[in-house]
Amino acid sequence: MRGIMGIRYFEEEKVFQLDSKDASYVIALADEEQFVGHAYFGRKLSDCHVRHLMRLDEGPFVPSKNNRDRAAFGDAFPFEYSTHGVGDFRESCLKVETSRGHEACSLVYRSHRIYDGKPALEGLPATFGTEKECSTLEITCEDPVLQLEVVLVYSVFEDNSAVTRSARIRNRGSEAVYLKKALSACLHLDGLDYEYITLHGSWARERRIDRRPLTHGKHSVSSLRGESSHQDHPFIALLTPGANQDSGEVYAMNFVYSGNFLAQAEGCQFDTTRVVMGIHPENFSWKLEPGEVFTCPEVVMVYSDAGLGKMTRRFHDLYRGHLIRGEYRNKKRPILINNWEATYFDFNTDKLLSIAKEASSLGIEMLVMDDGWFGQRSDDNSSLGDWQVNEDKLAGGLKRLVDEVNKLGMKFGIWFEPEMISPDSDLYRAHPDWAIQIPDRTPSRCRNQYVLDMSRREVRDAVYAMVKAVLSSANIEYVKWDMNRPLCDLGSFCLDADRQGELSHRYMLGVYELQERLITDFPHLLLENCSGGGARFDAGMLYYSPQIWCSDDTDAIERLSIQEGTSLVYPLCSMGAHISDCPNHAVGRITPFATRGHVALAGTFGYELDVTRIPQADRDMIPSQTAMYHKYNDLVRTGDYYRIASYSENRQFDCWEVAAKDGSEVLVTYVEVLRRVNFKSRTLRLRGLDPEAVYENEETKERYTGDVLMYAGVQVPEPWGDFGSRLLHFVRV
Ligand code: DGJ
């Protein structure tokens with residue numbers, strides 16, 4: 001037996017056991033050929049004897065005992081990394097095409113390596129940890145016919161029940177081979193008595209929680225838009241029936257990638273379940289020359305034995321501790337005011353300064369200048385790619401504006417959309433071939449723009465030089481990186497015919513490379529990703545920016561569902577959330593200013609309105625709102641998140657809390673969507689407290705023990721009027 005940290009190999013049993021804080025993941029080698037199979041994922045085990053779960057002693061038996069039914073074996077065995085074409089007719093992870101046109105592939109174990117720490121994935125975002133925090137298993141497999149090597153990479157974190165996976169595929173042969181499909185992870189669950197959750201949406205209504213029973217056949221969500229998308233999300237969770245926030249088992253997978261993806265659960269013929277995740281095989285093909293390696297992006301798998309709430313907290317801890325990087329990772333973010341909903345394209349230096357002046361006097365700390373400051377851009381029809389300041393709007397230039405804003409004691413931030421090019425731009429007139437398009441086919445415009453071919457180094461270099469020049473010209477401390485259309489008409493002028501299928505992934509690698517350059521050159525910059533709202537709110541982007549704009553829908557009530565779905569996986573400190581003006585620009589709804597503040601407090605917290613024009617009563621509330629942010633943000637950013645009630649489910653009220661990890665305080669946010677008449681107060685049962693400690697309600701000074709607050713509950717009178725909200729802060733005495 002050899003053991004390093006949480007990963008052990010049991011030689012006699014031919015079993016790998018990966019133990020994290022409270023989960024075990026067990027892999028076993030089967031048969032003389034040494035197929036790599038999945039034995040178990042779930043609650044932590046003290047014993048590795050789980051080979052029986054693979055049912056190798058039942059028909060059709062392993063090929064060494066029954067070669068006449070090798071294909072039937074392949075169709076039942078729980079492969080750790082399924083391959084196409086040799087009898088496994090379920091969803092495969094790997095499909096190749098050889099120079100002779102054959103697609104079959106079969107992998108067997110060759111060797112393995114266990115070590116402390118976790119390798120970076122070249123050019124890709126991934127979770128990270130020190131040698132003390134995590135350990136890694138690499139299982140090297142081979143297809144001897146193709147001379148294709150596949151290294152399955154697993155890491156476990158000591159302080160989390162997460163297992164991460166990726167795969168490296170190396171061509172050890174003498175001829176090129178085409179990868180037609182290279183997913184990242186495959187998981188087998190015994191039985192198919194599960195429900196599953198995915199996150200669905202559209203522009204302005206991202207990441208709503210969908211829950212359905214699993215049945216036979218394939219159930220998938222995906223994106224072919226070149227972005228993780230508004231519509232579906234690279235996340236899937238399987239739940240034991242009836243699992244809720246506190247109980248039931250959950251097996252969740254989240255993709256650390258921002259482009260096309262497939263997430264699929266398959267109810268198979270013997271009532272077992274196969275879950276796969278990876279880059280979507282459509283629009284994908286990768287030519288692997290002899291000696292070359294393809295790296296599959298990372299999948300994070302989280303197991304919870306105590307419902308969705310624990311799954312959520314595991315993701316939050318993992319991403320806060322082992323994915324988000326940079327100076328702002330553990331830091332309070334400056335309260336910003338963004339001029340998009342305040343002015344749209346209609347602004348100039350004076351207008352921006354008038355907003356900044358008023359905002360600074362109210363406690364707002366940073367002005368963000370959104371779309372429209374460059375080229376000839378006065379609406380969304382032109383100038384993307386011409387990243388030069390429009391001095392007709394910004395009289396005296398950018399530096400003057402930034403200096404004036406700084407003099408007010410505020411930081412300054414700016415908007416870019418670096419991946420795009422307007423047909424009406426100097427850049428396009430000079431380089432029409434830099435746009436993604438197919439020769440002889442008119443490319444489809446979207447928001448009147450094309451997408452730059454980010455797979456090309458010269459394109460990236462040219463765009464980056466412009467962005468860098470702007471950022472170096474003044475004291476700019478924040479960038480909002482936007483991306484406002486999906487990819488289609490996939491064609492690159494620089495890829496050979498047999499490499500065009502590489503474009504979507506090469507595009508993503510190009511974007512990652514650019515963002516890495518940006519945060520390396522400007523280490524103090526606060527980067528916020530954005531994609532027409534939240535079309536690229538994903539774990540891949542979190543590796544580069546500690547916060548991501550959650551949605552263009554800033555209405556406090558719409559945000560309840562959007563933020564509930566987003567926070568199911570992603571920490572509150574990453575959710576871009578602003579207080580905007582009413583009637584709300586997306587839905588026309590009028591909500592109390594206080595409620596807008598309470599909802600934005602569950603995210604990064606900022607403003608998106610013309611502070612010089614909002615009602616005086618709202619303006620008067622801003623100093624207390626900014627003080628509220630400073631008071632609670634450390635707790636909100638670092639604490640444990642509990643979902644108490646869901647407006648998406650009950651259609652009446654929403655409630656969540658953030659409890660300090662040491663149980664010393666808890667902040668509860670309660671939103672009553674439509675005021676009910678003639679009802680008693682609501683009882684809220686809190687969570688995550690020390691049952692024996694005494695807590696004081698900061699406002700009413702009432703004292704309760706933790707067990708009373710958690711098991712009996714506390715009563716909250718409904719706020720008067722529709723869309724009312726309350727904050728309750730309990731502090732341990
Ligand atoms: C979409 C973003 O989500 C908005 O916040 C704004 O930046 C616009 N783009 C600007 O075009």
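In Asp371, a polar side-chain atom sits 2.7 Å from an oxygen atom of the ligand; a polar contact is a pair of N or O atoms within 3.5 Å. This is a predicted model, in which local features need pLDDT of at least 70 and side-chain atom pairs count only at pLDDT 80 or more, while totals for chains, interfaces and linings use all residues. Residues are numbered from 1 along each chain as its sequence is written, and side-chain values use heavy atoms, with hydrogens and water left out.

Asp370 also has a side-chain N or O atom 2.7 Å from a ligand oxygen. For Arg447, the distance from a polar side-chain atom to an oxygen of the ligand is 2.9 Å. On its own the ligand has 300 Å² of accessible area (Shrake-Rupley method, 1.4 Å probe), and the protein covers 98% of that.

The ligand is surrounded by 13 residues, counted when a heavy atom lies within 4 Å. Lys480, Asp482 and Asp552 are among the closest. By type, the shell has 6 charged residues (Asp, Glu, Lys or Arg), 4 nonpolar and 3 polar.

Now the helices, which are DSSP runs (H or I) of at least four residues, numbered from the N terminus. The axes, lines fitted to C-alpha atoms over the stretch in contact, of α11 (residues 593-600) and α12 (residues 616-638) are 10 Å apart, at about 25°. That makes this pair roughly parallel, the term for angles under 35 degrees.

Helix α10 (residues 556-567) crosses α11 at roughly 15°, with axes coming within 10 Å. Therefore α10 and α11 are roughly parallel as well.

Key
A polar contact is a pair of N or O atoms within 3.5 Å; within protein, one must be able to donate a hydrogen and the other to accept it, and residues adjacent in sequence count only if both atoms are side-chain atoms. Axes are lines fitted to C-alpha atoms, for helices over the stretch in contact, and angles run from 0 to 180 degrees between N-to-C directions. Helices (H or I, at least four residues) and strands (E, at least two) are DSSP runs, numbered from the N terminus. Angles under 35 degrees count as roughly parallel, over 145 as roughly antiparallel, 65 to 115 as roughly perpendicular and the rest as oblique.
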